[in-house]
Amino acid sequence: MESQQMALHSTSLNRVYLLRHAHSGMANPGQGDFDRTLDDRGYAEAEIIADKAADKGYRPQVILCSTAVRCRQTSDAIRRSLPGQPEITFIDEMYNASEQTYLDLISSQSESQSVMLIGHNPTIADLLESLVGEDDFHSHLPSGFPTAGLAVLSCDASDDASPLKWKVVDFIAP
């Protein structure tokens, strides 16, 4: 956990949004995992979570999204719900990525104050637990990270020499 906090100590970020893609159906015969689409439940979840985030005024400056179909479909609902329909950057490496890949993407946003990652489990859950610690993670998600769950993290940087201390300030589920 400390290496993640140290890696983020020089960033200007003060808000991170971690969104797990909405519920997807099983792959059709001959279809790969990457191409799985949202099912009816997933489309509903994506719209609900997007509306809840917008109602709370959550507006990330940067949105980074896996190129997997189910993530792109989830991002469509987020984009529609935010004023100005922000640009979303689709990143191939987020599919089947390690926690370190997601962390590197967050760390690379040195000019932004907030970033949203739309990605996959278990990477989203593992990253959240690494950033906030096991106790904070389990107090907000005792049953794990649900589909279309949105963790909102804030940081407390007491000084430039200290690593950022991330905490969950909100968790929204559909």
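pLDDT is the predictor's confidence in each residue, from 0 to 100. The model here is predicted, so local features need pLDDT of at least 70 and side-chain atom pairs count only at pLDDT 80 or more, while totals for chains, interfaces and linings use all residues. Residues are numbered from 1 along each chain as its sequence is written, and side-chain values use heavy atoms, with hydrogens and water left out.

**Exercise 1.** Find where pLDDT stays under 50.

Solution. Begin with the chain: its mean pLDDT is 88, and 89% of its residues reach 70 or more. Then go to residues 1-7, where pLDDT stays under 50. For this stretch the model has 14 contacts (heavy atoms within 4.5 Å) beyond four places in sequence.

**Exercise 2.** Describe how H2 packs on H3.

Solution. Take axes as lines fitted to C-alpha atoms over the stretch in contact, with angles from 0 to 180 degrees between N-to-C directions. The angle is about 30 degrees, and the axes are 8 Å apart. Next, list the contact: H2 residues including Tyr43, Ile49 and Ala54 meet H3 residues including Gln73, Ala77 and Ile78.

Definitions and conventions
Helix = DSSP H or I, 4+ residues; strand = E, 2+ residues; numbered from the N terminus.
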